[in-house]
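Me: Please take a close look at a single part of this model and describe what surrounds it.

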Amino acid sequence: MTAHVAQLAHEGGKRQRLGGLALVLSVSLSWVCVAQLARLAEKRTELAHHCSIVPLMTCANVALWMALSVPHALRKAYEFRETGVVKVRASSPDLWRTDAFDRWQPPRFLALALATNFCYMSALHYLPASLNTAIFCTNPIFTFLLSASWLPADIGATSSSKACAKCAAALFSRSGAHVLLSVAGVVLIVEPWDRAGNPHYRGVGVALSLLAALGTATYQVYFKVTFGDRLRPDEVGLFLAHMGAAGAMFLSLVLAVLMSTGVYKVDLSSVPWHLVCATAVASALFNFLIKFGISVDSPLAMSLATQIGIPLNLILDVAVVRANIDPTQALGTLAMLASFTLQQRNSAAHARERYFDEALLKG
């Protein structure tokens, strides 16, 4: 009996491990696509206009999120037909509505996302890009600690003193070591050794970058706390579509004002629209996978999945762009890949234990 249960637990854990690995790699690869396409579009625009395409590309990215509502609308239309409701119009509010979240939750998450993005972009005015990246990529540490404090599965007590004790214990656990190894790998890859510049400006930049890292961690953990694992894939898409609708209206208004007043000057006829559209598609896929991954897995797993994109981008630069890589960056890449491997093995062990317990309960 025990051998049979162990076999079932092994097979169940293996299936979950492969599914989790596929999700993590999909998140990493989609993020690599976003980064590479956005960089190519930015370079071409700078050569043609000597200005940045980031504002226009951000608005396009958010606007395309609205397309993610289509699967939910199709499912609702099918359900209406099955229940005998024949007349269903595309403009029917019921197609774009769900009980999984209320109408005020997407704007709240959008405000947090925009504030985080603002802090990250503002930090670039005070810090070198490498140092800003290194500081921002400490967000798995914040994600790990916030998960230990907020998620019921990770902490059974509600008092602040016990929560702090749990956070400290978690940071020195095996999973905590994996997170710290990943962050160390990021620092080695980006090499933020430049000490030049005004110390005051540098302090402001560090504070903004830390706020961006904390905002990202808060966003991911708050999403898990709010929705848990109850969102279906089409409902995740609908949630992003609601965020996209609100974000597109706000950012389009801001962009129109900036362009009409001459603050932001760009010739729309010579914008590389094919790259802008490709980046928007990759961004929509990436954001959907992140939200879906948080729902079915954990915020920490998705946070580390995003970081795996950093060595993948570096490898792609070496293979395609023929960029040079020094020994420090190579060591950082190995550290991040080792962290990823150890994290996956740890997740597999937990999956086997969970399936073993479930198989024993089913008898």
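Reply: Val225 sits in helix α9, residues 199-227; helices are DSSP runs of H or I with at least four residues, numbered from the N terminus. The model is predicted: local features need pLDDT of at least 70, side-chain atom pairs count only at pLDDT 80 or more, and totals for chains, interfaces and linings use all residues. Residues are numbered from 1 along each chain as its sequence is written, and side-chain values use heavy atoms, with hydrogens and water left out.

Val225 has a relative accessible area of 38% and is therefore partly exposed (buried is under 20%, exposed over 50%, partly exposed in between, with a 1.4 Å probe and protein chains only). Together with Trp150 and Tyr222, Val225 makes a nonpolar surface patch of about 260 Å². Such patches take residues with over 30% relative accessible area and no salt bridge, nonpolar side chains (Val, Leu, Ile, Met, Phe, Trp, Tyr) being joined within 5 Å and like charges within 9 Å; a salt bridge is a side-chain nitrogen of Lys or Arg within 4 Å of a carboxyl oxygen of Asp or Glu. Areas come from the Shrake-Rupley method with a 1.4 Å probe, and for residues only the protein chains shown count as cover.

The largest nonpolar core has 44 residues, and Phe223, Phe227 and Phe239 are among those with the most contacts inside it (a core is a set of buried Ala, Val, Leu, Ile, Met, Phe, Trp, Tyr and Cys residues joined through side-chain atoms within 4.5 Å). Elements giving two or more residues to this core include α9 and α10 (233-260). Leaving aside neighbours within four places in sequence, Phe239 is in contact (heavy atoms within 4.5 Å) with residues including Phe109, Phe223 and Phe227.
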